[in-house]
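Here is a short briefing on side-chain contacts, written to be read alongside the model. Take a look first, and then we can walk through the contacts together.

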Amino acid sequence: MTIHTITCTVNGESEVVEVPAHWTLLQMLREKLGLTGTKNGCAGGECGACTVMLNGAPVNSCMVLGVECDGATIVTVEGLVKDGQLDPVQAAIVEAGGVQCGFCTPGVLISARSLLDRNPNPTEDEIKEALVGNLCRCTGYVRIIDGIKEAAKLNEPVVIKE
Amino acid sequence: MAREAHPALPEFDYIKPKTLAEASQFLSEHAGESRPLLGGTDIFVRLRDGAWKENKFLVDVKGLDGTDVLTFDEQTGLTVGAAVCMNRLSSFPAVKEHYPLLAEVCDTVAAYQLRNRATVVGNICNASPAGDTVGACLLYGGILNVFNVGGTRQEALNTFFVGPGKSVLKPGDIVTSLQLPIPPKGMIGKYLKLNRNNRGDLAIVGVTAAAYPNQDVPSGVTVRMALASVAPTPLVVSAIEDYFKQEKLTSDTVQTAAQLAMDSCKPIDDVRGTARYRSLMVRNLAKQALTALLEKM
Ligand code: FES
Ligand code: FES
């Protein structure tokens with residue numbers, strides 16, 4: 001097994017990681033960096049539970065090699081919280097009741113954040129299109145979509161209520 | 001044998017060469033046990049499924065000379081570097097303006113986050129009969145620029161595919177970019193894809209159709225069609241082009257042409273559909289695609 005040493009920025013922190021060549025970014029995040037927010041639902045690019053931002057764009061982290069991320073900037077669901085404040089999209093989806101088992105949620109949040117970054121006022125169809133790659137077996141999507149619509153109306157991060 | 005729910009990738013080493021020459025040299029010295037890596041969206045799935053057991057190295061060719069270009073030139077057309085992902089391609093203004101069918105087919109591939117990795121050149125090089133973007137590239141008259149330490153060359157897409165997963169590429173070949181000439185004036189196109197669900201799936205059947213005014217044929221309009229997932233390779237239906245040399249595109253000729261499309265395909269049964277279903281769906285989708293062209297004309 002060949003181990004590569006790479007440097008990348010994860011949720012704003014610079015990391016030096018020793019990663020086997022055949023490990024995915026998903027494995028690296030979970031098993032080397034302890035960032036278990038990102039989930040493994042299918043390991044095959046289908047479910048989107050592993051979605052993270054790579055250099056500003058959402059990708060399935062199960063479909064990227066860890067070593068490919070040398071020099072890259074990665075944001076996982078853990079990185080959406082800033083200074084103890086939820087990202088508006090997190091707060092709005094919680095508020096809308098868009099979380100049941102929660103397994104899809106980290107990926108949904110990254111896809112939703114990325115959608116609002118590139119299109120601050122999406123239509124319902126655009127929201128659905130952005131979620132094609134995020135399977136949710138619990139909610140039926142309605143409340144997730146409601147949450148994203150609400151998030152689009154919020155501009156400021158939301159203070160976490162204890 | 002029980003299959004793991006979340007199989008990890010089998011072991012291999014990752015090679016990141018600095019130049020095309022180095023990459024090509026490595027690939028030819030390790031023929032049979034190495035492959036070029038672009039987005040990986042197909043390679044990883046196949047490796048996880050246990051295919052390509054002999055694979056020991058993935059050679060990352062992203063970022064090598066010419067693989068990152070995306071340019072449009074009024075004379076020579078569009079150049080799409082091998083590493084250009086589908087989202088970048090489909091949002092490129094010149095693609096939307098001059099190659100709208102290409103933008104349309106890219107947006108039908110899987111989901112947004114996958115299209116940030118998936119590439120059109122990768123889709124072509126996999127030589128899967130199901131590639132969504134391949135039909136449009138065929139109808140646009142695509143040509144691949146191929147680098148090899150032994151010399152560079154061009155491969156026309158219409159002679160590129162030789163079987164499922166097989167192309168004319170040899171060990172050490174690296175496709176650096178795809179070239180699409182300026183489309184004929186007034187070209188319109190349509191891609192219809194039958195999925196098991198509404199979005200995000202591989203094609204059970206894919207029909208790409210295009211038409212453009214052409215004074216060199218008696219009918220005045222050239223109509224072309226490419227089919228996905230219904231033959232060992234992506235299929236251009238020459239019978240359609242021949243038929244519409246004489247015949248005008250009308251609601252009647254659409255019926256006959258759809259039958260020609262169905263007769264030309266040789267589908268197989270697989271997990272996504274039976275051969276018989278596929279054949280019948282080719283006829284339906286061909287009819288719909290040609291009707292869509294008729295409405296756009
Ligand atoms: S775990 Fe990556 S898409 Fe399902
Ligand atoms: S909340 Fe359970 S899968 Fe989405």
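## Charged and aromatic contacts

Lys128(A) and Glu124(A) are four residues apart in helix α4 (residues 124–130) of chain A, so about one helical turn separates them. Please keep in mind that this is a predicted model. Over all chains, the structure holds 19 salt bridges and five aromatic pairs.

**Salt bridges in chain A**

- Lys128(A) and Glu124(A) form a salt bridge, with their closest N and O atoms 3.6 Å apart.
- Lys128(A) is partly exposed, at a relative accessible area of 42%, and Glu124(A) is partly exposed too, at 35%.
- Glu124(A) also meets the side chain of Lys149(A) in a salt bridge of 2.7 Å, N to O.
- Lys149(A) has a relative accessible area of 32% and is partly exposed.

- In chain B, Lys190(B) forms a salt bridge with Glu104(B), and the closest N and O atoms are 3.9 Å apart.
- Here too the pair links distant parts of the chain: Lys190(B) is in strand β11 (residues 188–194) of chain B and Glu104(B) in helix α5 of chain B, 86 residues apart.
- Lys190(B) counts as partly exposed at 23% relative accessibility, and Glu104(B) counts as partly exposed at 24%.
- Glu68(A), Lys16(B), Asp60(B), Lys62(B) and Arg117(B) are joined into one network by salt bridges that share partners.

**Aromatic pairs**

- Among the five aromatic pairs is the edge-to-face pair of Tyr99(B) and Tyr140(B), at 5.2 Å centre to centre with 70° between the planes.
- Tyr99(B) lies in the loop between α4 (93–98) and α5 (100–106) of chain B, and Tyr140(B) in the loop between α8 (134–139) and β6 (143–147) of chain B, so the pair ties together parts that are 41 residues apart in sequence.
- Tyr99(B) is buried, with a relative accessible area of 0%, and Tyr140(B) counts as buried at 6% relative accessibility.
- Phe160(B) and Phe161(B) form an edge-to-face pair, with 5.1 Å centre to centre and 90° between the planes; both residues are buried.
- Phe72(B), Tyr99(B) and Tyr140(B) form one aromatic cluster.

**Charges over rings**

- In chain A, the charged end of Lys32(A) sits over the ring of Trp23(A), 5.6 Å from its centre.
- In chain B, the charged end of Arg35(B) sits over the ring of Trp52(B), 3.4 Å from its centre.

Note on methods. Residues are numbered from 1 along each chain as its sequence is written. Chains are lettered from A and ligands numbered from 1 in the order in which they are written. This is a predicted model: local features need pLDDT of at least 70, side-chain atom pairs count only at pLDDT 80 or more; totals for chains, interfaces and linings use all residues. Side-chain values use heavy atoms; hydrogens and water are left out. Rings of Phe, Tyr and Trp (its six-membered ring) pair if their centres lie within 6.5 Å; planes under 30 degrees apart count as stacked, over 60 as edge-to-face and the rest as tilted. Helices (H or I, at least four residues) and strands (E, at least two) are DSSP runs, numbered from the N terminus. Buried means under 20% relative accessible area, exposed over 50%, partly exposed in between (1.4 Å probe, protein chains only). A charge sits over a ring if NZ of Lys or CZ of Arg is within 6 Å of the ring centre and within 35 degrees of the ring normal. A salt bridge is a side-chain nitrogen of Lys or Arg within 4 Å of a carboxyl oxygen of Asp or Glu.
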